Amino acid sequence: MIGLRGRGTGSACAEDSIVTLDIENPDFMNLDSLLTDDERQVHATVARWVDERVLPIIAECFERERFPRELVPEMAELGLFGATLHGYGCAGLNNIAYGLIMQELERGDSGLRSFGSVQNGLCMYPIYRYGSDEQKDRWLPAMARAEAIGCFGLTEPDGGSDPGTMKTHARKVGGDWVINGAKMWITNGTIADVAVVWAMTEQGVRGFLVERGTPGYTTRDIPHKFSLRASVTSELFFDDCRVPERNRLPRAEGLAAPLSCLTQARYSIVWGAIGAAQACYREALAFARQRVLFGKRLIEKQIIQQRLANMARRISTAQLLAWQLGRLKDLEKMDYTQVCLAKWNNVRMALDVAREARDMLGAGGISVECCPIRHMLNMESVITYEGTETIHQLIVGRAITDQAAF
Ligand code: TGC
Ligand code: FAD
């Protein structure tokens, strides 16, 4: 934190006022001042947990392609699962607090935020919104305690951007559904106790809860990723997999149901991307403060200052976008195209900031011991999943022109 003496002449900026700029995180526009005490407390608690429990191990997890599953019970203990839901042992937080949780998780690593996004937005949310009372009672308390882990199967091997043409199908046979097909690139697939699976039926798209161990349902990890290495990514296979009618989500009808879940997960990415960018900015700033070249510290060089200033500018605008989105979501006035615009902006920002920070660290920046290259590689997934950058541009373009150009 630095104190700057106000230099403005208007009444809003008195001559002697001291404005405190948080340049370390950065929080240049003092988003913190807009938070309630409760939101600030949630933020601080999760930030501390990430500092103490995630940062010491995450580089090694990334290097060894290992998801730190041992942290999941601690995340449950902190109330991070079903965080915005009411009842069922969930925390009932507002969407700003939830966003700040996601920001801090992704400051640790996109793998942890991914786990949080999937458990919250892609599994607990559809059960809460579209499930029967029996399904909610069975799964939500267990998922809040992380005694049950979920995954979300929408993307297929033949292409994820156009899920309306999915090939996985479910056929009604007596009182059961028989599912055939495959899903690909599924976060948590092999470690999930229950998969929320979307399949085409004669009536259109429907959602099913498929439990681990159901005959005809198998999973396999996708190895050798250069991105999201501290996250489990899997394939799901359905070969005459039979589930009872009571496993169908009764209120999910049509493609709008899975797409509404994507809006929840995209919202969490809007915030998460900020955390990844903040981590990269901090490391670049710390390095520039101590590196001496041509007889001066890097922070004394104009070009380095311009690059740091540009990072701070882009992080600040992303924060304000996320905060306004959270407010709209709490007021139930958020449109999904606003989330698309923000996901596009904030992930692009984080990818560019991570790449810039990686470069400013010189050769050392290619080591896993420096966080920017890990975040940069992760952002290559984050800019692809939950709708590619192109898809979000086309969604916003459609809203502007009323012409679908997919
Ligand atoms: P379209 O006609 O646009 O929509 C069909 C119906 O759905 C409604 N809708 C949405 N509702 C809520 N949220 C959204 N984001 C929605 N998008 C559309 C829409 O209003 C309509 O409703 P209704 O009542 O009129 O029927 O459908 P389309 O087939 O033209 O699709 C267009 C497109 C391209 C936008 C859509 O297919 C799309 O979003 N594609 C991208 C797919 C995607 O993002 N997949 C992500 C898979 S999950 C994942 O990546 C998890 S990563 C997890 C992690 O680790 O963090
Ligand atoms: P494609 O849809 O084949 O797209 C290929 C290229 O074509 C992209 O550049 C795209 O932008 C471009 N493109 C597409 N349409 C157009 C167009 N109309 N005009 C111009 N260009 C276009 N999915 C899940 O369901 N659940 C998960 O848990 C999940 N987790 C994931 C985890 C990771 C680590 C990754 C990498 C992916 C995950 N996904 C998940 C899948 C993800 O949602 C898809 O990868 C994404 O939707 C894109 O689909 P695709 O990879 O098949 O690319």
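By class, how many nonpolar, polar and charged residues does the lining of the second largest pocket have? In this predicted model, the lining of that pocket is made up of six nonpolar, seven polar and eight charged residues. The second largest pocket holds about 410 Å³ of space, and of the 21 residues that line it, D22, N25, D27, D32 and H43 are the closest to its centre. Three helices, α1 (37-64), α3 and α6 (256-290), each supply at least two residues of this lining, and α1 gives the most, with five residues.

**Nonpolar cores**

The largest nonpolar core has 105 residues, of which L105, W198, W271 and L308 touch the most other members. Its largest share, 18 residues, comes from α6, a helix that also supplies at least two residues of the lining of the second largest pocket. Apart from this core lies another, of 16 residues, and A170, A192, F238 and V243 are among them.

**Aromatic rings**

A pair of aromatic rings is described by the distance of the centres and the angle of the planes. Seven aromatic pairs are found when the whole structure is searched. Why is the pair of Y88 and Y128 edge-to-face? The ring centres of Y88 and Y128 are 6.2 Å apart and their planes stand at 85°, so the pair is edge-to-face, given that planes over 60 degrees apart count as such. Because Y88 lies in the loop between α2 (72-77) and α3 (95-108), while Y128 lies in helix α4 (residues 110-130), the pair ties together parts that are 40 residues apart in sequence. Y88 is partly exposed, with a relative accessible area of 26%, and Y128 also counts as partly exposed, at 28% relative accessibility. Elsewhere among the aromatic residues, ring pairs link F67, F81 and F115 into a cluster.

**Charges over rings**

Terms used: Residues numbered from 1 in each chain as written. Chains lettered and ligands numbered in written order. Predicted model: local features only at pLDDT ≥ 70, side-chain atom pairs only at ≥ 80, totals over all residues. Heavy atoms only, no water. Phe/Tyr/Trp six-rings, centres within 6.5 Å; stacked < 30°, edge-to-face > 60°. Helix = DSSP H or I, 4+ residues; strand = E, 2+ residues; numbered from the N terminus. Buried < 20%, exposed > 50% of the residue type's maximum accessible area, 1.4 Å probe, protein only. 1 Å grid on protein atoms, 1.4 Å probe; cavity = no way out; pocket = protein on both sides within 12 Å on 5 of 7 lines; lining within 4 Å. Points joined across faces, edges and corners; volume = space filled by probe spheres on them. Nonpolar A, V, L, I, M, F, W, Y, C, P; charged D, E, K, R; others polar. Core = buried A, V, L, I, M, F, W, Y, C linked by side-chain atoms within 4.5 Å.
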